[in-house]
Amino acid sequence: IFDAKNRYIIPLYQRNYAWGKEQIEALIQDIYEAYAKNQKSNYYIGSLVVLRRHNGDYEVIDGQQRLTTLSLLTKILKITKTPVLYYESRPEVEEFFEEFYESNEATYKTMKPQTHYLREAVEYIKETKVLERGKEMPFEEWSEKIQDYLEDNVILVKTEIPEDTDVATYFEIMNNRGEQ
């Protein structure tokens, strides 16, 4: 998914990133538990539904929240070095990701107020304490443990929908149960 050759476009009809502390902590805890259970087995984290555009980019239909969180996490853990996620018609988010990937994570804190939810997500990731046998493990410990596992064994299944799919209808069907 995070191969630099790929470009994932978050289209205008998608809502803004909305995951908070609870969802981010749950995702990280799930990854850590899979790692602790068997470091050599793959962990399927969900699906990413995309439509391949004529220029080769992938339009994200479903899975944007998870993809955005993983994009932040893989950058923080130094797994990815270039962004693969782009937001159509949201220049402030584009600017956030450009600066976030170019920086050592210090300058992104001065970015536009419209991206506060992305800056908060970065802080939530760094503040997450993973539970292991009833004890809390801080970021510095769990992040080092899962870095290789996340890169090599955590799998997000990418599903391409047919080119002639009515994307608006598909999106509505897939997302009528989520936050509007």
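A: A residue is called buried when its relative accessible area is under 20%, exposed when it is over 50%, and partly exposed in between (1.4 Å probe, protein chains only). This is a predicted model, in which local features need pLDDT of at least 70, side-chain atom pairs count only at pLDDT 80 or more, and totals for chains, interfaces and linings use all residues. Residues are numbered from 1 along each chain as its sequence is written, and side-chain values use heavy atoms, with hydrogens and water left out.

Is Asp 57 buried or exposed? Asp 57 has a relative accessible area of 10%, and therefore counts as buried.

Its surroundings can be described next. Contact means heavy atoms within 4.5 Å. When neighbours within four places in sequence are set aside, Asp 57 is in contact with Arg 7, Ile 9, Leu 51 and Arg 52. With Arg 7, the side chain of Asp 57 also makes a side-chain polar contact, at 3.2 Å. A polar contact is a pair of N or O atoms within 3.5 Å; within protein, one must be able to donate a hydrogen and the other to accept it, and residues adjacent in sequence count only if both atoms are side-chain atoms.

For another setting, consider Lys 21, which is found in helix α1 (residues 21-37). Lys 21 is partly exposed, because its relative accessibility is 38%. Leaving aside neighbours within four places in sequence, Lys 21 is in contact with Tyr 124 and Glu 127.

Note on methods:
Helices (H or I, at least four residues) and strands (E, at least two) are DSSP runs, numbered from the N terminus.
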